Each structure stands twice: as structure tokens, then as C-alpha cells.
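Try each task before reading its solution.

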Amino acid sequence: MSFQSARQIVQPAANSLPTYAATDLTKDGDQAHIVLGDQTYTLRITRAGKLILTK
């Protein structure tokens, strides 16, 4: 599944949080795994362009 998205990312101020494009995390796909400690989560981009994070 492929999604078109704007690749423009606003540069955050020096003291703000890191900012990532979801499509960069999924390598232009629709899913990615995110590991926190010993837990693995799945990040999914829906057809409607929403994000879902599940265990």
C-alpha cells in the first residue's frame, strides 16, 4: 500500500521535540515497528491517513 504525503517538515526550534515524518519511519510503506525496552509496538498509517500505534 502506498500513500502520498507532503515531505515538507517544519524545522523545530532548538528546544522542541524531535520531529519525524511517519512515511520516513515506515520507509514509504504503511507499517513500522517501534521498540521500547522489551516491548515492540506497531505503527500503522491507515487509508484515511491516520496513525494507529498498537502493542
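**Exercise 1. Which residues does Thr 26 contact, leaving aside its neighbours within four places in sequence?**

Solution. This is a predicted model. Set aside the neighbours within four places in sequence; Thr 26 is then in contact with Gln 31, Ala 32 and Ile 45. Now place Thr 26 itself: it sits in the loop between helix 1 (22–25) and strand 1. Next, follow its side chain. The side chain of Thr 26 reaches the backbone oxygen of Thr 23 at 3.4 Å.

**Exercise 2. Decide whether Thr 26 is buried or exposed.**

Solution. Take the relative accessible area of Thr 26, which is 6%. Compare it with the cut-off: buried means under 20%. Thr 26 is therefore buried.

**Exercise 3. Describe how strand 1 and strand 2 pair.**

Solution. Start with the order of elements. From the N terminus, the protein chain runs α-β-β-β. Strand 1 covers residues 31–36, and strand 2 covers residues 39–45. The two pair in the antiparallel sense, over six bridges. Then inspect the turn. The hairpin has two residues between the strands, and Gly 37 takes a positive phi near 65° there.

**Exercise 4. What share of the accessible surface of the protein chain belongs to carbon and sulfur atoms?**

Solution. Begin with the total, about 4,800 Å² for the protein chain. Of this surface, 53% belongs to carbon and sulfur atoms.

Key:
Residues numbered from 1 in each chain as written. Predicted model: local features only at pLDDT ≥ 70, side-chain atom pairs only at ≥ 80, totals over all residues. Heavy atoms only, no water. Helix = DSSP H or I, 4+ residues; strand = E, 2+ residues; numbered from the N terminus. Areas by Shrake-Rupley, 256 points an atom, 1.4 Å probe, with all protein chains shown as cover. Pairing = 2+ DSSP bridges. Buried < 20%, exposed > 50% of the residue type's maximum accessible area, 1.4 Å probe, protein only. Polar contact = N/O pair within 3.5 Å; in protein donor to acceptor, adjacent residues only side chain to side chain. Contact = heavy atoms within 4.5 Å.
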